[in-house]
Every structure is written in C-alpha cells, then in structure tokens.
Amino acid sequence: ALAILKGGHAGAAAHAVAWAPDAPQGLASGADDGSVILWDVASQAVSATLRGHTDRVRQLVHTGSGSPLLVSCGYDRWLRVWDPRAPGPAVLALQHAQPVECAVPLPGGGVVASGSGQCVRLWDLAAGGRALHTATAHAKTVTALMAPDGQAQLLSAGLDGLLKAYDAASYGVVASLRLAGPVVAAGLAPAGTDLICCHADGS
C-alpha cells in the first residue's frame, strides 16, 4: 500500500474519496459522520477537516484540472462546494429536496450536475450556484452521473435500470438504454468509450 490513512473520521465509515487533480499527494475523503477530510498522503496526516454536512457524504469530486474547488454531496440533501486552499465553510451550499447521491462537473468545470431522487439538476457555479435546469428522466433514484471528457454530453444511471444521455447544451434527453438491472454505481473509462456498471444483484 502507498499509505494507510487513519484517525481522520473518528471511526466513521468513509464512503467517498477524490484525488486532487493538480496535487498528487492531496486526497479528500468523506464519511458517515458528515466530515470531509483533506489528507497529505506523503505525511499520512490530516491537512484540514471540512464541516457542514450532517449526514453521510455520498460522493466527492473536483471540478476539473486547474480548478481548486471540491464538490461534496450527501444524504443531508445538500451539495457543498469547498475551496481546499482556504479550508473553512463551504463557498456554496445548494439544497435539494431529497438525499443527493451523486455529482459530476461538466467539461470546463463551471457547471455541476447532481442526482437527487429521480431528478438530475444542473447548477452554474460561476453564477453563485444558480439552478439551470431540472430533468426528471428516471422512474427511481439517480445513482450515478458521468460527463465524458471532450464531449458535450451528460450520462445518468439509476435504480430503474436505465442509462440516459443528455445534450449538454439543451439538457434534453437524447438517448435511453435499458441495462441489466438497477444500477448502484457506474463509471467511464478515461477515454470515455467504455462504461462499467455495478448492479444491485452484485453483478
């Protein structure tokens, strides 16, 4: 193992991690207690603790190479945006009606999509978190969002077993594919050409 990082979450289970895109030794983790920890992997020490969530942190994602911003989302129904260079309160906090399962920045990093309940929401971070669009394209909870690099497209998958593709300009659904079953997690290969899905039946 490169390193074993202990003690930051005081025994709470960690469910989310994200490497800093421009800091190879920088890692963020999020846990059931709502804490987000910034780690220095080289020293195996906590750099900062970011507090704001009151329930499980479901996902962490950076807004892109060259951007310092870190996005967290969780079961407390909030999406929070942090600046790890100045650890402190979130610079943006965007409330949802239901727990937030996932988030992803669109290419360029200025817009972030979030999955909450059956909805995919688009937020303009540069405009202070202004809501751009809400799409209710799934019959059950949205569990994964992906944005292929270099493509004006957004993908979502959910417990209804569907994969949806959206045009990143109009935000309209342009394609729908039925998968093998309910999706609990999904990810794209770096080239954006291959998709892997984890299903509720363990496959």
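Me: Contact means heavy atoms within 4.5 Å. With that in hand, which residues does Val46 touch, not counting residues up to four places away in sequence?

Reply: The model is predicted. Within it, Val46 touches Gly8, Ile37, Leu38 and Trp39, with residues up to four places away in sequence not counted. Val46 itself lies in strand 4.

Me: What is the C-alpha separation of Val46 and Leu5?

Reply: The two C-alpha atoms are separated by 8.6 Å, and the residues are 41 positions apart along the chain.

Me: Why does Val46 count as partly exposed?

Reply: Buried means under 20% relative accessible area and exposed means over 50%, with partly exposed in between. Val46 has 38% relative accessibility, so it counts as partly exposed.

Me: What share of the accessible surface belongs to carbon and sulfur atoms?

Reply: The share is 53%, out of an accessible surface of about 9,500 Å². As for charges, the protein chain has 12 positive and 14 negative ones, and their mean positions are 7 Å apart.

Me: Why is a set of residues called a nonpolar core, and which members of the largest one touch the most other members?

Reply: The term applies because such residues are buried, belong to a list of types that includes Ala, Val and Leu, and are joined through side-chain atoms within 4.5 Å. The largest core has 16 residues, and Leu106, Ala113, Val120, Leu122, Leu145 and Leu154 touch the most other members. Strand 9 (100–105), strand 10 (111–116), strand 11 (119–124) and strand 13 (142–146) each supply at least two residues of this core. A second, separate core has twelve residues, including Val71, Leu79, Val81 and Val112.

Me: What does Val120 touch, not counting residues up to four places away in sequence?

Reply: Among its contacts are Ala113, Leu145 and Leu154, along with His133, Thr134 and Tyr166.

Me: Why is Thr134 called partly exposed?

Reply: The band runs between 20% and 50%. Thr134 has a relative accessible area of 41%, so it is partly exposed. Thr134 is found in strand 12 (residues 130–136). Beyond residues up to four places away in sequence, Thr134 touches Cys119, Val120 and Arg121. The C-alpha atoms of Thr134 and Trp123 are separated by 9.3 Å, with the residues eleven apart along the chain.

Me: What makes the phi of Tyr171 worth a remark?

Reply: Phi of Tyr171 is near 65°, a positive value in a residue other than glycine. Tyr171 is found in the loop between strand 15 (162–167) and strand 16 (173–178).

Me: How do you know whether Tyr171 is buried or exposed?

Reply: The limit for buried is under 20%. Tyr171 is at 19% relative accessibility, and therefore counts as buried.

Me: What is the phi of Gln44, and why does this residue count as partly exposed?

Reply: Gln44 has a positive phi of about 55° although it is not a glycine. Its place is in the loop between strand 3 (36–40) and strand 4 (45–50). The relative accessibility of Gln44 is 40%, so it counts as partly exposed.

Me: Why is Tyr75 called partly exposed?

Reply: Buried would need a value under 20%. Tyr75 is at 26% relative accessibility, so it counts as partly exposed. Tyr75 lies in the loop between strand 6 (70–74) and strand 7 (78–82). Leaving aside neighbours within four places in sequence, Tyr75 is in contact with Asp55, Arg56, Arg58, Pro99, Val100 and Glu101. The C-alpha atoms of Tyr75 and Gln98, 23 residues apart along the chain, are separated by 7.7 Å.

Me: Where is Asp194 found, and what does it touch?

Reply: Asp194 is in the loop between strand 17 (183–188) and strand 18 (195–199). Not counting residues up to four places away in sequence, Asp194 touches Gly187, Leu188 and Ala189. The C-alpha atoms of Asp194 and Pro182 are separated by 19 Å, and these residues are twelve apart along the chain.

Notes
Residues numbered from 1 in each chain as written. Predicted model: local features only at pLDDT ≥ 70, side-chain atom pairs only at ≥ 80, totals over all residues. Heavy atoms only, no water. Areas by Shrake-Rupley, 256 points an atom, 1.4 Å probe, with all protein chains shown as cover. Lys, Arg positive; Asp, Glu negative; His and termini not counted. Charge placed at Lys NZ, Arg CZ, Asp CG, Glu CD. Buried < 20%, exposed > 50% of the residue type's maximum accessible area, 1.4 Å probe, protein only. Helix = DSSP H or I, 4+ residues; strand = E, 2+ residues; numbered from the N terminus.
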